[in-house]
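This report describes one protein model for a reader who is new to structural analysis. Please keep the sequence and the three-dimensional view at hand while reading.

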Amino acid sequence: MKHKFQIEGIGCAGCVTRVKKALEAHPKVEKTEIFLNPKGTTIITMKEALSVDELQKQLNTLGGYTITEIN
């Protein structure tokens, strides 16, 4: 199942790589696509539904990123 999010704090390709690696480290995340245009738009394909809080916990390991769901 795909869900669309906005991740604040992403500014370059290096950020994209770090955030993608952190999110995909979660066993319920199958694939993460992060875009720089528009900046921070993210599509996460999950094996099982995850809450925004659970995804934020994954990002907290990096610091400086905030995730919100886009409807």
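The model is predicted, so local features need pLDDT of at least 70 and side-chain atom pairs count only at pLDDT 80 or more, whereas totals for chains, interfaces and linings use all residues. Residues are numbered from 1 along each chain as its sequence is written, and side-chain values use heavy atoms, without hydrogens and water.

Helices (H or I, at least four residues) and strands (E, at least two) are DSSP runs, numbered from the N terminus. An open sheet is formed by 4 strands in the order S2-S3-S1-S4, with antiparallel pairing; two strands pair if DSSP finds at least two bridges between them. S2 and S4 (66-69) stand at the edges with a single partner strand each, so one side of each has no neighbour in the sheet. S2 and S3 are joined by 6 bridges.

| Helix | Lies across | Angle |
|---|---|---|
| H1 | S1, S2 and S3 | about 165° to S2 |
| H2 | S1, S2, S3 and S4 | about 160° to S4 |

Thr-41 is found in strand S3. Its relative accessibility is 10%, so Thr-41 counts as buried.

Notes:
Buried < 20%, exposed > 50% of the residue type's maximum accessible area, 1.4 Å probe, protein only. Contact = heavy atoms within 4.5 Å. Axes fitted to C-alpha atoms, helices over the stretch in contact; angles between N-to-C directions.
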